[in-house]
Every structure is written in structure tokens, then in C-alpha cells.
Amino acid sequence: MRIRQGQPAERAALETLAAAAFLDYVRGIGRDWPGPYDWLAERLAKGEVWVVESIGGPLLGMAALSQDTGARTLTVDLLAVAPAAQGQGIGHALLAHAEALARAAGARTMHLHTVAKYDRLVRLYEGAGFRVTHTGPRPKGDDGHPRAFLRKWLDEQETPA
């Protein structure tokens, strides 16, 4: 398994991976299908998408990351693992990779959010060192499913008690 930047030519494969990874998630909040992923081409071109591949095999996971250097934060905008590869540490590997990138860029915190009712996802992120800071509507408009907003402090001196 290796982590590398996603390539624009992989857009279709990554859209398929994300749709498969999020199918149960979106059905649980009343939507029929994940997506759209119309933002993916731009993010791939900017080098903001990282993928996990098995050596000589398929793509197993992906993460879309954005950095705010002024605020010294890195946001995990999307984390997706192919259903057949879930439970094998791929999500944790992507989060660890994101943290290494954040630290190298001088970030002090990492952020992400997920639907609050998905305890297993909240536990995954907590297991990677994130803490729930609050719950509320999603940033792009309320859909009736509160999000759990999580943060990981990278500077030990800033970590709240």
C-alpha cells in the first residue's frame, strides 16, 4: 500500500470509489446517491487529493485536503475508503498522512466534520486524535442532519484540557 497524490486522469475512478464509500452514509441521511463530485477535477489539478493504492492494484481510498496557511489549519474535506478495504487501517493511514502534511506546513490544527449520528465515524476520528468541538448544521446549509465538528490540535501547548 502506498499514499500518493491523485492524478487528474483518475477522476472517474475516484468518483466511483467515493460513491461506493459513501452510499450507505448518504442513504442514512435520506439521499439516493452520493455526490456530485464536480469539484474533484479542480482539486486534483491543485494537488489537494491524496490516494491510497495497493501496489499494482486498485485505488483503496482517498482524502481531499485543504490548507489555510493564514489560520494555520488543514481541513479534511473528504475521506473515503473503498467498501472492500474498510477496516484495514486505510482511513487511519490517510489521516496520519494528512497530519504529516499539516505539520510540515506549520499547521496548528486539523479540522473535519461528519454526520453526528454516525458514531462509528466519530470514533474513527477520535481514535486518530480528533475531538468533537461542537455539533450543528453543515457548513453549506442545513439538511436536518447535525454534523459533529472535530478538531485535532497539533501543538500540545494549545490543546484544551
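Colleague: What makes you say that the buried residues of H4 pack against other elements, and which ones?

Modeller: The test is contact, meaning heavy atoms within 4.5 Å. By that test, the buried residues of H4 pack against H1, E4, H3, E5, E6 and E7. Helices (H or I, at least four residues) and strands (E, at least two) are DSSP runs, numbered from the N terminus. This is a predicted model, where local features need pLDDT of at least 70, side-chain atom pairs count only at pLDDT 80 or more, and totals for chains, interfaces and linings use all residues. Residues are numbered from 1 along each chain as its sequence is written, and side-chain values use heavy atoms, with hydrogens and water left out.

Colleague: Which residues of H4 are called buried?

Modeller: Leu121, Val122 and Tyr125. Buried means under 20% relative accessible area, exposed over 50%, and partly exposed in between (1.4 Å probe, protein chains only).

Colleague: Why is aspartate 32 called exposed?

Modeller: Its relative accessibility is 67%, so aspartate 32 counts as exposed. Aspartate 32 lies in the loop between H1 and helix H2 (40–45). Neighbours within four places in sequence aside, aspartate 32 is in contact with Leu23 and Arg27.

Colleague: What does the radius of gyration say about the chain?

Modeller: The radius is taken over C-alpha atoms, and the globule rule is 2.2 Å times the number of residues to the power 0.38. For 161 residues, a compact globule would be near 15 Å; the chain has 15 Å, so the two agree. Buried residues make up 42% of the 161 residues.

Colleague: How are the residues that line the largest pocket divided?

Modeller: A pocket is an open set of points on a 1 Å grid over the protein atoms alone, where a 1.4 Å probe fits, with protein on both sides within 12 Å along at least five of seven lines; lining residues have an atom within 4 Å of a point. The lining holds 27 nonpolar, 13 polar and 9 charged residues. Ala, Val, Leu, Ile, Met, Phe, Trp, Tyr, Cys and Pro count as nonpolar, Asp, Glu, Lys and Arg as charged, and the others, Gly among them, as polar. Phe22, Tyr25, Asp77, Leu78 and Leu79 lie nearest the centre of the largest pocket.
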